[in-house]
Amino acid sequence: MSQPDVTSRRSDAAKAGSPGGSISRWLGNSGFLVALILVGSFYVIMLLAMLAADLTWTAPGDFIKALSSEEIQYSIRLSLMSCTVAAILSVWVAVPIGYLMSRFNFFGKGFVDAILDIPIVLPPLVVGLSLLVLFSTTAGVWVEEQFKAVFGTGITYQIPSVVLAQFMVACAFAVRTMRTTFDQISVRQEDVALTLGCSRFQAFWRVTLPEARNGLITALTLAWARSLGEFGPILVFSGATRMKTEVLPTTVHLELTTGDLEAAVAVSLLMVVCAVGVLYAIRHFGSDRAMGRVI
Amino acid sequence: MISVKKLNLSVGEFALQNVSFEVPTRSYCALMGKTGCGKTTILEAVCGLRNVDSGSIILMSREVTSLPPAERGIGFVPQDGALFSSMTVEENLGFSLAVRNRPKGVVAERVKELAELLGISSLLQRRIQGLSGGEKQRVALGRALAFEPGILCLDEPLSALDDDTKTGLVDLLARVREETGVTTLHITHSLQEARSLCDMLLVMEDGQVRELPVEGEA
């Protein structure tokens with residue numbers, strides 16, 4: 001076997017072991033990471049740029065003026081209260097729905113699955129309009145009368161309508177989260193719990209629900225954040241009445257319509273601070289470390 | 001005693017028909033067969049985790065075919081252990097007694113007794129994550145035995161373990177059998193494992209179960 005033939009074969013073998021050469025290798029490894037970082041950075045930089053622009057548009061005085069306003073203080077209180085109630089209600093409803101959709105097959109399941117996604121795909125204004133129309137029907141009027149008899153207040157254009165509008169959208173996200181959570185929890189654990197003496201409810205309560213804790217926190221977080229950002233349904237179903245049904249997104253809208261851009265931006269940044277604070281608190285106090293769990 | 005008579009059940013496209021076998025009280029019975037032949041399905045039906053179309057299941061002289069799993073008195077150890085990862089080892093072991101509202105002192109005593117039998121006393125406060133495969137199977141076994149069931153069903157409990165760990169668990173299962181006398185149905189692929197533990201060998205083939213001699217050719 002001649003030397004040039006061996007050299008040629010070794011060169012061919014080297015080329016065969018590294019397809020496309022060094023540039024192609026770089027593109028497939030480091031180049032791939034660089035591309036990921038560039039695409040991701042674009043979005044993160046846009047977010048930071050938006051926040052920076054808001055910060056530079058306002059002055060500390062605008063914040064103080066906003067926080068001193070009685071209407072905005074009311075708006076902050078109503079937002080925090082309504083988002084919390086809507087988020088808790090959302091999770092309360094999402095857990096059984098998510099569990100049913102995850103664990104059971106039944107007639108019409110596909111149809112129900114599609115219905116549950118409606119609040120996610122519908123324009124928010126349409127959700128608000130649909131609620132307004134619903135409570136204008138005979139049945140809706142009757143429900144509102146019963147509600148007023150029990151709680152002393154109606155629904156439409158009142159505070160309960162804010163909670164309901166937020167709940168109708170936030171719950172859809174919570175349901176999706178809880179269904180995915182239960183899908184990821186092995187049925188085997190429930191099977192074992194049944195053989196150990198549990199009823200179906202006991203297996204769910206003692207085994208499955210604790211397993212779903214992180215999913216519950218995520219669903220609560222998502223529902224709360226979604227509720228805070230809801231504007232369209234509230235505008236249509238609750239109105240934009242100051243000191244009554246005004247929540248923070250409504251405040252931004254009202255300040256914009258009166259031409260007070262500085263106040264609108266100040267309130268927007270207030271929403272960012274509120275949201276980050278509450279979401280951090282939920283995640284922190286719900287974390288394994290906070291609960292004293294050590295592996 | 002485990003008695004299965006003319007059992008018919010279907011799971012999707014898969015069906016078992018007229019399956020019958022009997023495991024005498026205090027026997028340790030191995031059930032073998034090819035992958036996918038229906039061994040786990042039969043075990044789950046015995047435990048009440050699968051609905052049956054017809055036939056009967058009699059456990060300890062009681063007709064249990066229509067009873068829920070909680071009322072059958074069976075300790076079940078699935079293939080992957082399926083430990084409750086939100087609980088400590090101690091809580092896993094005492095789970096069946098906590099469900100039965102036994103006093104805390106009674107639960108603690110039984111957990112201690114089981115932990116000593118299974119050699120996992122040092123693991124009681126540990127969470128499930130981080131336990132080795134052998135440790136998890138010991139905890140799963142202890143959890144199944146805590147309420148002193150009359151019947152123990154094991155679904156390939158040693159399949160995912162290395163040889164050394166497997167040997168340790170085989171010795172443990174033999175000790176459990178000796179100390180508790182529980183009637184056991186143990187699914188396995190290993191003839192060696194079956195022969196080292198069981199006094200009865202069943203083989204599932206073509207949807208039917210037949211008994212084979214424990215010694216000699218399978």
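**Entry 1**

I looked up Glu246(A) and found it buried, with a relative accessibility of 0%; buried stands for under 20% relative accessible area, exposed for over 50%, and partly exposed for values in between (1.4 Å probe, protein chains only). The model is a predicted one, in which local features need pLDDT of at least 70 and side-chain atom pairs count only at pLDDT 80 or more, while totals for chains, interfaces and linings use all residues. Residues are numbered from 1 along each chain as its sequence is written, chains are lettered from A and ligands numbered from 1 in the order in which they are written, and side-chain values use heavy atoms, with hydrogens and water left out.

Which side chain does Glu246(A) meet in a salt bridge? I found Arg242(A), at 2.8 Å from N to O. A salt bridge here is a side-chain nitrogen of Lys or Arg within 4 Å of a carboxyl oxygen of Asp or Glu. Arg242(A) is partly exposed, at 31% relative accessible area.

**Entry 2: Further salt bridges**

I searched the whole structure and noted 12 salt bridges over all chains. One of them joins the side chains of Glu44(B) and Arg50(B), at 2.7 Å from N to O. Glu44(B) is buried at 7% relative accessibility, and Arg50(B) is partly exposed at 31%.

I then turned to Glu113(B) and Arg110(B), whose side chains form a salt bridge at 2.9 Å, N to O. How many residues apart are they in helix α3 of chain B? They are 3 residues apart, and therefore separated by about one helical turn. An α-helix has 3.6 residues a turn, so residues three or four places apart point the same way. I recorded Glu113(B) as partly exposed at 44% relative accessibility and Arg110(B) as buried at 13%. Elsewhere, salt bridges with shared partners join Arg188(A), Asp191(A), Glu44(B) and Arg50(B) into one network.

**Entry 3: Ser69(A)**

I located Ser69(A) in the loop between α3 (60-68) and α4 (70-103) of chain A. Helices (H or I, at least four residues) and strands (E, at least two) are DSSP runs, numbered from the N terminus. Is Ser69(A) buried or exposed? Ser69(A) is buried, at 18% relative accessibility. Its side chain reaches the backbone nitrogen of Ile72(A) at 3.2 Å.

**Entry 4: Helix α2 of chain B**

I examined helix α2 (residues 89-99) of chain B and found 8 of its 11 residues buried. Among them are Val89(B), Leu93(B), Phe95(B) and Val99(B). Against which helices do the buried residues pack? In chain A I noted α10 (187-195) and α11 (200-211), and in chain B α3 (104-118) and α4 (133-145). Contact is counted for heavy atoms within 4.5 Å. Just after α2(B), I saw that Asn101(B) has a positive phi of about 55°.

**Entry 5: Strand β3 of chain B**

I checked strand β3 (residues 28-33) of chain B, where 6 of 6 residues are buried. Tyr28(B), Ala30(B) and Met32(B) point one way, and Cys29(B), Leu31(B) and Gly33(B) the other. In a regular strand the side chains alternate between the two faces of the sheet.

Strands pair if DSSP finds at least two bridges between them. I found that β3(B) runs parallel to strand β8 (residues 183-187) of chain B, joined by 4 bridges, with Ala30(B) partnered by His186(B). β3(B) also pairs in the parallel sense with strand β9 (residues 200-205) of chain B, over 5 bridges. There, Cys29(B) stands opposite Met200(B).

Technical notes:
A polar contact is a pair of N or O atoms within 3.5 Å; within protein, one must be able to donate a hydrogen and the other to accept it, and residues adjacent in sequence count only if both atoms are side-chain atoms.
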